Amino acid sequence: MPYQPAEVALAVKRLQHRHHRALSRALAPLGLSLVQWDVLRHLHRHPDASLHDLAVLTFQTDQSFGTLAARMADRGLIERLPGPGRPVRHRLTEEGERLRVAGQELADGVVDLSFRHLSATQVQQLGELLDVALATDPTA
């Protein structure tokens, strides 16, 4: 029976929900929430990112990200530095980088379990198909 787009969309959402639950459990011993680890991951990829850029990358509002960033800075996971003009820039601290690496190892294990029954070619195809689906914003 062929899959309907709505069924595929629901399967993607179910997989995302499974990953969120499993990642939250895996990261808890590190003292990290999934959102905090996501911030560390994005800062690794985008050093000196602004508050707004990080809010967008982590699916948060600027206000909620500002609160999160302040808490993470208080814990010594990130630094908040003045940038040119008004924007504040963010960077990982050594502790933040250590937890990012540890969290990445845990995340890799969680995701590997989800795709363990797919071949490398199938994983590649799935990634390419999702890229195509994401290339067009249906709300635009």
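Guide: Start with helices α2 and α5, which are roughly perpendicular to each other. This is a predicted model, so keep that in mind throughout. Helix α2 covers residues 34-45, and helix α5 covers residues 94-114. Their axes come within 9 Å and cross at roughly 110 degrees.

Now look at who touches whom. From α2, the contact uses Trp37, Leu40, Arg41 and His44. From α5 come Gly96, Glu97, Leu99, Arg100, Gly103, Gln104 and Ala107. Sort the residues of this contact by class. Four are nonpolar, four are polar and three are charged.

The largest pocket has a volume of about 1,700 Å³. It is lined by 42 residues. Find its centre: the closest lining residues are Val12, Leu15, Gln16, His19 and Leu130. Helices α1, α2, α5 and α6 each supply at least two residues of the lining. Helix α1 spans 5-27, and α6 spans 120-134. The largest share, twelve residues, comes from α1. By class, the lining has 25 nonpolar, nine polar and eight charged residues.

Finish with the sheet. It is open, has three strands, and runs in the order β1-β3-β2 with antiparallel pairing. Strands β1 and β2 stand at the edges, each with a single partner strand, so one side of each has no neighbour in the sheet. Helix α4, residues 62-74, packs on this sheet and touches β2 and β3. The direction of α4 makes about 115 degrees with that of β2.

Follow the pairings one by one. Strand β1 is residues 49-50, and β3 is residues 88-92. Two bridges join these antiparallel strands. Here alanine 49 stands opposite histidine 90 of β3. Strand β2, residues 78-82, pairs with β3 over five bridges, again in the antiparallel sense. In that pairing, proline 82 has valine 88 of β3 as its bridge partner.

How values were computed. Residues are numbered from 1 along each chain as its sequence is written. This is a predicted model: local features need pLDDT of at least 70, side-chain atom pairs count only at pLDDT 80 or more; totals for chains, interfaces and linings use all residues. Side-chain values use heavy atoms; hydrogens and water are left out. Two strands pair if DSSP finds at least two bridges between them. Helices (H or I, at least four residues) and strands (E, at least two) are DSSP runs, numbered from the N terminus. Axes are lines fitted to C-alpha atoms, for helices over the stretch in contact, and angles run from 0 to 180 degrees between N-to-C directions. Angles under 35 degrees count as roughly parallel, over 145 as roughly antiparallel, 65 to 115 as roughly perpendicular and the rest as oblique. Contact means heavy atoms within 4.5 Å. Ala, Val, Leu, Ile, Met, Phe, Trp, Tyr, Cys and Pro count as nonpolar, Asp, Glu, Lys and Arg as charged, and the others, Gly among them, as polar. On a 1 Å grid over the protein atoms alone, a cavity is a set of points where a 1.4 Å probe fits but cannot get out, and a pocket is an open set with protein on both sides within 12 Å along at least five of seven lines; lining residues have an atom within 4 Å of a point. Grid points are joined across faces, edges and corners, and a volume is the space filled by probe spheres set on the points.
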